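Here are my notes on the model, as numbered points. Please read them with the structure open.

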Amino acid sequence: MLASEIISEINRQVPERLQESWDNCGLQLGDANQSVNRVMVALEMTHGVIDEAIEKRCEMIITHHPFFFTSIRSLDFTSVRGKLVQRLIENKLIVYSAHTNLDQMPFGISDALAKRLGLESIKFLQGTSVIKGYKLSTYVPETHAKEVLFAMMEAGAGTLRNYTHCSFALEGIGTFRALHGARPFLGEVNQLAEVKEIKLEVLVTDVNREQVIREMLKAHPYEVAAYDLFAMENSLGETGYGMVGERGESISLADYADELANKFACPISIYGDRNRQVKIISCCGGEGADLIPIAAGSSDLYVTGDIRASKAQMAIEAGLALLVLPHRETEKPGVEQFQELLQEWFSDLKIFGSNADDLLEMSWAIPFAER
Ligand SMILES: [Zn+2]
């Protein structure tokens, strides 16, 4: 499979256009025309990840944190970063990153964290956009209806929540007269043609509609194919940051912190009254300080990574208890879930999850429960 094909499918599932303006998702390095059979998935790029990718004979590395984030003014191969670039190029490794776009997906980083926290009935803490749906219809001669429909489906049309291949077909008679200069697929120039046509209707979204129309026109036999696009009222899916859900039973903040320290095997900072009972819990993978005001309005407790003391103070003042984990611990469940999804989407590829990126933070491993 070509790297470009992998990238376009990931882009269909996790649209790059959803990324924040300061972010840098997408192809980071390498030749997208290269063929790929094996992929390594990691939180971020390290020399350990490259070692693993080489050992597993991968041609591509997909990271959550973008490999290039700030502008590059020189590539000194004796620096750590320069050496990473040198090794990636020498080993013909393609690097792709899905960051704030993956964060916002219903199967994104915070979704996996919420599941890991044992939360139920989860929903987005802050919705960002709603995926809009459209009904696309076109008229095809009977003989080519299947081919055109198949091309549209392959490009992602007809997917409605847990259903794929949703379509509707209607038989009818189409007429047209080709003028001089036209090269009609059916009928003669200057004569009125009557053709048995099928009207095909499929569902597309603002994410895939351009691709579907392009593939439809490619497969369509007519020189000029007519089609129409109607906006639908029902939303097809939401995106957002953070998640909020419920724990089956309420628990004291101290006991819950203890439970998580064991589950995540990492130190946890507790902000708030340890005896306070918590039940409605919100979370955000990575650095989630920005969501504190929303979390305070909708939950007893907020679980996230990397919060500075001043921000924690803000949470306490707003009546919100906080549990703060190391950044990577809050994102690892999401990266693992992404790896599983990639394996589902690309059954022909071998997708590996990296263990090497753990090496950077080995020094803090004193679980709360053991202190
Ligand atoms: Zn992160």
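1. Helix H7 (residues 209-219) has Val212, Glu215 and Met216 as its buried residues. Buried means 20 or more other C-beta atoms within 10 Å of the residue's own; exposed means 12 or fewer, and partly exposed lies in between, with C-beta atoms placed from the backbone. The three cover an arc of only 105° around the axis, so they sit on the same side of H7. That arc is taken over the directions from the helix axis to the C-beta atoms. In an α-helix there are 3.6 residues a turn, so residues three or four places apart point the same way.

2. The face of H7 turned away from the buried side carries Glu210, Arg214 and Lys218, which are exposed. Cover for the buried residues includes strand E6 (133-141), helix H6 (145-154), strand E8 (192-205) and strand E9 (227-231). Helices (H or I, at least four residues) and strands (E, at least two) are DSSP runs, numbered from the N terminus.

3. The model is predicted: local features need pLDDT of at least 70, side-chain atom pairs count only at pLDDT 80 or more, and totals for chains, interfaces and linings use all residues. Residue numbers start from 1 along each chain as its sequence is written.

4. The domain assignment, which is automatic or from a database, gives domain 1 (3-98), domain 2 (109-128 + 240-330) and domain 3 (132-231). The centres of domain 2 and domain 3, over C-alpha atoms, are 49 Å apart.

5. Pairing requires at least two DSSP bridges between two strands.

6. Strands E12 (residues 277-287) and E13 (residues 301-305) run parallel, joined by 5 bridges. Cys283 has Val303 in E13 as its bridge partner.

7. Phe264 is in H8. Phe264 counts as buried because it has 21 C-beta neighbours inside 10 Å. Leaving out residues up to four places away in sequence, Phe264 touches Leu325 and Glu329; contact means C-beta atoms, placed from the backbone, within 7 Å.

Key:
Two residues are in contact if their C-beta atoms, placed from the backbone, lie within 7 Å.
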